[in-house]
Amino acid sequence: MASVTFSDVKKSYGNVEVIHGVDIGIADGEFVVLVGPSGCGKSTLLRMLAGLETITAGTVEIDGLVVNELEPKQRDIAMVFQNYALYPHMTVATNMGFSLEHRRTPKAEIAQRVEWAAGILGLTDYLDRYPRELSGGQRQRVAVARALANSPDLILADEPTASLDRNTADRLIDDLASLTRLHNRTLIAVSHDYALLSRMDRIVDLADGALTGETGHG
Amino acid sequence: MKTDLSPRMKVVVYGLMTVLLIPFVFPTWWMVTSSIKPISDIFAFPPEIIPSRVDLSTYSRVFELQPFGRQYWNSAYIAALVTAGTMLFSAMAGYAFARIRFPCANALFMVVLVGLLIPAEVTIVPLFQMFLGWDMINTHWPLVLVPVFGAPSVFATFVMRQFFIALPKELEEAARVDGLGRFRIFWTIALPLARPALGAVGIFTFLHSWNLYLEPIVFLSSPELFTLPQALTQFTDAYGGAMWNVQLAAATMTAVPVLIVFVIAQRQFVEGLAHTGLKG
Amino acid sequence: MNVAARSTTGKPHKRAFWTMERRDTLAGYLFIAPQLIGVVTFVLIPLGLVFWYSLHEWNVLAQTFRFQGLANYEALLNDPGLPQVLGATAVFSLGLVVFNMALALLLAVLLDQKLKGIAVYRTLFFSPVVVSLVAWTIVWSFLLQNNGGINALLALVGIEGPNWLRGSATAMTSVVVVQVFKNVGLNMILFLAALQGVPRELYEAARVDGTPAWMQFTRITMPMISPTILLTSIITIVGSLQVFAQIAVLTQGGPGMSTTVLVYYLYQQAFQFHKFGYGATLSILLFLIVAVLTFAQWQMRRRLVFYEN
């Protein structure tokens, strides 16, 4: 269960305002993509939701709770990065279980959840490998599986397909879409990948730090 | 450059390199072989490149004339402490300067960098007075504290900072989303990934401490506290003349273990150096 | 109790005090604290003290410590030994840098060739770097004795070698050479890494254009590795001003004062003649020389360095 509400959210760096009051409501289980020209503030918006950037003004709510002042870890989210951001010195399994591990989840449960997430993304055979031994597509699937294993209700993805070739990206988009449909996650992505756009529930357009339109796919 | 050489050029290059090698390799060879020659043979003419007779009694003389075992231990434990301390504190400072945004970070970094500009020799007189005031003259404290926290560690901090700057930002963001605080990010993500830079810093810090000479002779006066470089120069006869065979035996014992470690781990040495040097 | 109750009920409305930035600020200061306190204690305060001491007459044996303004600096200008000391320092540093850089570059170019067993050569050229400095110097001292190994080898081919460490010119040459062979491996590796970092396409383009090999070296290689040359020359010059153990073991500054470089003179004045005030004044001189050299190198950087990452 995760709904997200941006209310009049602004962001300034010094005296320069880059996001000028954005309002977006995202329902539980929706698959939404933020689009717009580069530098329009869509990544900043996502990173504010993740807790990686401070919010200058306005509020961000997750499930009705204002999260402005919360640490990323207190927001019950997971994030997939453009460059995978896998820990190079850990195996695939350790990468996936890392967050659970230091939240003192019992070992058996970690193993079970890692197995489960790996199964969904077809990574069962790669659990003992290191990220450098995997292809780009496999790495990004590990990143998605890592997000899934933590079982947050809200998954964020920043340009998840930008480093991938067409076929691999399509496969990843299938995986992401299935997360929302089959496993009831809310997924918010920043992307300019048209293949990804076509699978969205909704597209939110941004330009110059302001909302310019929304398109529903139904 | 980097093209295949003609066979004739190959001979020239090999020949030139072999001749150039003599002053690099021969002294070490001469040190080891002379130390096992009987005293009567070490100035023999013609010189014996390969010893004809072996006399190992010189090695026991080393331990009779000086508390050499004790001095060996002094050098070893000081170098170990200095290396471990420098690696830890320079990694911490380098990480903070590279990855954490906090007020005055750049100004404070400039303050630290001043350490690069000031050779240890410039401050040796006041350091002597400071340690005298703290009652630390003729102890090992100055030989540990100054390298770990003072000017010699600044270069290590600089190297670590250059390394951490190149670390992808997303790794830390992923770790924060995974719920890690700053200290855990540093300890479980940044530090394990910094192993090559840490290795280079460790190697060169160890060598620096192992070679230190001015500081021990300024700060230490009791033979049982001496470090190896200082001890090596103490093997003189009643007239102040060098006891060459004993000196060379002590020098061999000082140099050869490090050389052996170097030969085993030479890739880390050389690549570590190239790594830090390029970035520096 | 009242206060506690208020603070718990008030909490949701207030901004939490330990925000991300505040925690990062605290973490940042904690992380740099050991290094920063160390630099202040063992570098900056001593630097200030050196200057303060230099304004005093201070003889440790006589236990005098008396403010005397710039008298030490006057003494410095009138010190009959100083020109010789500065001359020896300059000859040593220049000789060392020129010989070191040239040899390092030659070795790096040789080691850059595609040849079998090149790694063994690289290891051997580098090996003196890891030999204990005093051990290395003692062996050379042994080799350079009048009846030592070098003169014995020369005698085999019918040359009568000089008494290396007893003549002023040969003593200086010896100190430079001993130091160069000890540490040239460091610069060699840095140059080698720089040579290997030059994009191969540049050479391929030059060969397609028919550029001769020596021009490839002077017009492509040298400009491309100039940042490394500059960096290593700074490190080597500053390092050369710190030479102490080699002088102490090989020549004790002699014969006469021919190898008494500034650091050795400083050590003699402060710790052998117990003139701490004058020693501090010499420290200031050393500091100024290092500062000026570093500054000059940074200025040259703009003109000489063609390419930088």
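**Chain contacts and aromatic pairs in a predicted model**

The side chains of C:Asp24 and B:Arg182 meet in a salt bridge, with N and O 2.8 Å apart. The structure is a predicted model.

**Chain C with chain B**

- The salt bridge count between these two chains is 1, and the residues that form a salt bridge are C:Asp24 and B:Arg182.
- Polar contacts between chain C and chain B come to 10 residue pairs, both residues being at pLDDT 80 or more.

**Chain A with chain C**

- This contact takes 6 residues from chain A and 6 residues from chain C.
- The buried area is about 500 Å², of which carbon and sulfur atoms give 48%.
- In chain A, the most area is lost to chain C by A:Thr54, A:Glu69 and A:Glu71, together 78% of what that side buries.
- A:Glu71 also forms a salt bridge with C:Arg23, in which the closest N and O atoms are 3.5 Å apart.
- The count of salt bridges between chain A and chain C is 1, and the count of residue pairs in polar contact, both at pLDDT 80 or more, is likewise 1.
- The side of chain A that touches chain C divides into 2 nonpolar, 2 polar and 2 charged residues.

**Aromatic pairs**

- Over all chains, the count is 48 aromatic pairs.
- B:Phe97 and B:Phe102 form a tilted pair, because their ring centres are 6.4 Å apart and their planes stand at 35°.
- B:Phe97 is buried, with a relative accessible area of 10%, and B:Phe102 is buried at 7%.
- B:Phe128 and B:Phe219 form a stacked pair, because their planes lie at 20°, with ring centres 6.5 Å apart.
- This pair links distant parts of the chain: B:Phe128 belongs to helix H5 (residues 124–133) of chain B and B:Phe219 to helix H11 (residues 214–219) of chain B, 91 residues apart.
- Both B:Phe128 and B:Phe219 are buried.

Methods. Residues numbered from 1 in each chain as written. Chains lettered and ligands numbered in written order. Predicted model: local features only at pLDDT ≥ 70, side-chain atom pairs only at ≥ 80, totals over all residues. Heavy atoms only, no water. Salt bridge = Lys/Arg side-chain N within 4 Å of Asp/Glu carboxyl O. Polar contact = N/O pair within 3.5 Å; in protein donor to acceptor, adjacent residues only side chain to side chain. Phe/Tyr/Trp six-rings, centres within 6.5 Å; stacked < 30°, edge-to-face > 60°. Buried < 20%, exposed > 50% of the residue type's maximum accessible area, 1.4 Å probe, protein only. Helix = DSSP H or I, 4+ residues; strand = E, 2+ residues; numbered from the N terminus. Contact = heavy atoms within 4.5 Å. Buried area = accessible area lost by both parts, 1.4 Å probe. Nonpolar A, V, L, I, M, F, W, Y, C, P; charged D, E, K, R; others polar.
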